[in-house]
Protein chains: 2
Amino acid sequence: MPERRVVIVGGGLVGSLAACYFAKRGWAVDLFEKRPDIRRPEHSSLAEHRSINLAISERGLSALRRLDPALEARVKELVIPMHGRMIHALNGQQSSQRYDVFGKHINSVGRATLIRLLLDEAAGYPGVTLHFCHEFLHADFDAGQAVFGDLARAGERVAVDADLIVGADGAFSRVRQRMLSKGTMNYSQTYIEHGYCEFSMAPRHGDFALDPNHLHIWPRGTFMLIALPNPDRTFTCTLFMPWTQFHALGADGDIVPFFRAHFPDALRLMGEDKVRAEYAAHPKGSLMYVKCSPHTYTNRAVLLGDAAHAMVPFYGQGMNCGFEDVESLDRIMTRILREAGKADNRTAALTGEQLRRALDEYSATRSVDTSAIVDLALENYVEMRAKVVDYAYLARKHLEGLLHRLFPRQVIPLYTMVSFTSIPYAQVIRKWNRQTLWLHRSIKTTAIAAAVGGAMLLMRLLGWPVQPLRSLARMAAGQA
Amino acid sequence: MPERRVVIVGGGLVGSLAACYFAKRGWAVDLFEKRPDIRRPEHSSLAEHRSINLAISERGLSALRRLDPALEARVKELVIPMHGRMIHALNGQQSSQRYDVFGKHINSVGRATLIRLLLDEAAGYPGVTLHFCHEFLHADFDAGQAVFGDLARAGERVAVDADLIVGADGAFSRVRQRMLSKGTMNYSQTYIEHGYCEFSMAPRHGDFALDPNHLHIWPRGTFMLIALPNPDRTFTCTLFMPWTQFHALGADGDIVPFFRAHFPDALRLMGEDKVRAEYAAHPKGSLMYVKCSPHTYTNRAVLLGDAAHAMVPFYGQGMNCGFEDVESLDRIMTRILREAGKADNRTAALTGEQLRRALDEYSATRSVDTSAIVDLALENYVEMRAKVVDYAYLARKHLEGLLHRLFPRQVIPLYTMVSFTSIPYAQVIRKWNRQTLWLHRSIKTTAIAAAVGGAMLLMRLLGWPVQPLRSLARMAAGQA
């Protein structure tokens with residue numbers, strides 16, 4: 001029997017994009033979202049619930065492009081390009097570190113704006129029904145049934161049949177919880193020892209208070225402040241810090257002296273009273289990451305986005321990875337249909353067996369790649385809060401930038417591979433490790449060559465025989 | 001307000017021991033178990049549900065002893081001592097590897113026998129109520145309430161108030177699941193790529209078919225068969241093997257040629273027809289391990305046993321570690337009361353604040369120790385299926401045994417520390433790492449000394465000067 005009906009749990013960024021993709025394939029789509037429709041004016045405030053800024057880059061854009069190039073173009077009109085990091089020293093000095101030698105950039109974008117746009121897009125496809133205020137309660141994957149509570153009707157139970165159930169319900173996914181209790185899934189969730197608190201920076205004289213085309217960082221070793229631009233000319237600032245430091249400040253402690261000591265320039269721009277008030281009022285958030293494998297349950301269910309791989313926000317890849325999930329699953333379905341000789345491989349229905357193959361293949365490759373980006377995101381925290389002011393780090397970055405300019409396909413900096421290509425994440429790590437090895441060897445060889453060259457020059461000047469040194473140099477180069 | 005009422009979820013080994021400990025402290029105890037009372041003859045067959053044999057060793061015995069030395073003595077009468085491993089070579093040759101140079105041993109014991117004994121023990125304390133056929137449904141830890149479904153009355157809901165809720169409900173703990181959805185718990189569950197299948201070996205001529213005072217192993221590198229003795233003179237045999245190999249044999253494939261090729265002696269003792277029939281009939285089990293941290297939720301809930309640290313069975317420490325959990329929590333409570341100046345520190349009620357301190361301290365130390373034994377259990381699989389026939393491994397084992405005999409407190413083999421002491425597991429690993437380093441250095445120094453000594457002797461015989469070599473040896477020894 002061909003597979004045609006999908007239930008998507010979660011109407012966030014990834015859920016609504018998935019709805020578009022399945023609808024374009026000709027599936028009947030029922031999307032269920034617990035919250036009300038944030039496109040309606042009376043609910044718009046709900047959209048600001050989560051506010052860590054988003055940065056969309058190549059992987060996210062690629063998924064929009066594959067769905068519809070016009071959609072990508074529309075999103076690009078809503079973003080603020082960020083060409084690099086702006087590092088703020090303690091004395092207020094700012095220095096720009098470009099993301100890419102060829103000028104590629106990431107893009108600050110509002111979460112709510114993007115969700116509204118994708119929900120509109122999904123609603124525009126025939127066969128898509130959006131159900132708001134519906135809470136996922138339960139699923140019998142084998143029977144192909146999901147049960148929701150209709151919150152607008154006192155939680156009345158609604159059972160829906162589907163060939164496939166998509167869990168796009170975020171880091172604390174209840175679909176995943178259901179899958180965990182069903183099968184043999186490897187799973188881990190880990191909270192890091194740091195938390196965060198958000199602040200805002202108002203415009204100054206009607207304009208951005210800082211250069212809007214940078215991601216601003218105040219790196220202070222064990223903690224940092226960052227700021228990302230919003231279209232309304234404000235910045236959202238986020239303080240990331242060990243919980244021990246939050247606790248040391250005390251629940252109702254004054255944050256202002258802390259800001260004065262570590263972020264004096266930001267404090268001036270934000271205003272002491274506002275910083276004090278926001279620190280008291282805003283929640284202190286936890287940071288956790290999730291890995292699981294498989295991402296699927298037979299041919300009946302699949303987890304997409306944060307539900308499968310919640311990550312810390314430090315690589316700006318959470319949404320991009322989630323969008324790539326959707327594109328990746330779609331590509332696999334298309335290929336399987338093509339291999340089966342279907343001419344209309346972008347819309348033909350998959351048999352149950354084909355769907356199982358698609359999900360198996362998706363999970364096998366994707367769980368490795370998502371595990372890789374979860375790790376990279378964690379490592380990038382150290383880069384942002386400490387390494388960006390480290391000389392050895394900067395030297396390597398410059399050298400790599402230079403080499404990338406000379407050999408754009410052979411040497412690609414890590415950040416470029418992650419943000420500006422669609423090289424699978426796991427392959428990014430492998431390539432990066434090879435590059436690191438090669439680079440270290442080259443540096444060693446160059447250093448030896450320089451030392452030997454200098455010594456030979458000196459010996460020639462002194463009129464000593466250089467032959468033994470030459471042999472030694474050859475040996476050393478062979479070992480380097 | 002003093003804390004006096006505990007709800008224990010799970011009436012297995014750890015839950016029933018915990019019931020005894022809390023009752024002895026003067027707490028009112030309600031223990032809820034999903035299954036019927038296996039002490040009643042009509043339900044006795046249920047007890048055989050899980051059959052991987054148990055081996056009780058020092059940590060488990062210590063927890064029984066602290067509760068009541070007479071209980072330990074009664075358990076010791078029910079066990080079959082196993083003094084070592086009996087390694088079965090392919091040609092049928094058997095070689096014994098003792099567990100301990102001083103004759104210490106582990107003890108095979110029946111799971112159902114032990115549960116019955118502990119349930120009887122718990123029921124004997126005033127203030128203990130056992131509720132069978134009650135399924136845990138839900139808990140509000142902050143409100144101190146747990147809700148159960150009474151399976152004997154069509155699932156009728158029963159709400160119970162308690163100062164403390166203990167989750168002793170095993171590897172797939174629902175109490176843990178509830179804690180996961182409440183707080184910020186680090187959690188991982190991992191399935192290993194191997195599965196298992198059980199067989200039985202009947203008595204021969206009315207007696208054990210193999211030496212009953214050994215744990216029998218047929219180590220075959222990537223897989224193994226083991227056999228543990230039962231009081232009825234049978235052996236329970238378990239085949240541990242990669243899933244890929246199980247699949248290669250096929251769902252209804254004939255296991256007999258496989259046994260003939262790898263375990264011919266066991267096959268003769270077990271009988272071809274029985275092996276074939278049992279392989280077809282018995283389920284193929286998964287092997288998984290769990291780590292979580294914290295083990296507690298404020299002063300309201302605590303996980304004990306497999307619920308907190310399910311592990312693979314290869315170190316025989318699952319139950320022992322669970323019993324040690326109970327003893328460890330009890331010791332912390334006693335110490336906190338003693339520090340508070342309570343004379344009756346083994347029965348005084350704890351204040352809410354004291355209970356919180358006790359649980360915090362328990363979780364902080366115990367989660368590190370349980371993580372360590374989970375890792376050790378995993379590593380011991382490789383030891384059992386491969387290393388026990390490795391010469392380097394055996395050489396080290398002999399050397400360590402010798403050193404342990406000479407310096408019983410300074411050098412302790414790993415197996416001895418885990419099975420025959422109560423050294424905290426994490427400390428066991430640290431001690432073992434130090435010992436390994438020290439041993440490697442000693443061996444290196446000895447080897448250098450022997451080589452130099454030999455060379456000096458030779459040089460003296462030849463009449464050459466030995467001074468340069470002496471300096472060299474001094475240098476080398478300094479570096480070794």
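Predicted model: local features only at pLDDT ≥ 70, side-chain atom pairs only at ≥ 80, totals over all residues.

Q: OK, ring on ring now. How many aromatic pairs over all chains?

A: The count comes to 43. Take B:Phe223 and B:Phe263: their centres are 6.0 Å apart with 80° between the planes, an edge-to-face pair.

Q: Where do those two sit in chain B?

A: B:Phe223 is in the loop between strand E14 (214-219) and strand E15 (224-229), and B:Phe263 is in the loop between helix H7 (256-262) and helix H8 (264-270), so the pair ties together parts 40 residues apart in sequence.

Q: Are B:Phe223 and B:Phe263 buried or exposed?

A: Both are buried. B:Phe258 and B:Phe259 are buried as well. Their ring centres are 6.5 Å apart and the planes are at 65°, so that pair is edge-to-face.

Q: Which rings are linked into a cluster in chain A?

A: Ring pairs link a set including A:Phe199, A:Trp243, A:Phe246 and A:Tyr279.

Q: Switching topic: what superposes chain A on chain B?

A: A rotation of 180° with 0.0 Å of shift along the axis, RMSD 0.1 Å. That's the relation of a two-fold axis. In chain A, the C-alpha nearest the axis belongs to A:Ser188, 2.0 Å away from it.

Q: And through what do the copies meet?

A: The same surface, because 100% of the interface residues of chain A are also interface residues in chain B.

Note on methods. Residues numbered from 1 in each chain as written. Chains lettered and ligands numbered in written order. Heavy atoms only, no water. Least-squares fit on C-alpha atoms with pLDDT ≥ 70 in both. Contact = heavy atoms within 4.5 Å. Phe/Tyr/Trp six-rings, centres within 6.5 Å; stacked < 30°, edge-to-face > 60°. Helix = DSSP H or I, 4+ residues; strand = E, 2+ residues; numbered from the N terminus. Buried < 20%, exposed > 50% of the residue type's maximum accessible area, 1.4 Å probe, protein only.
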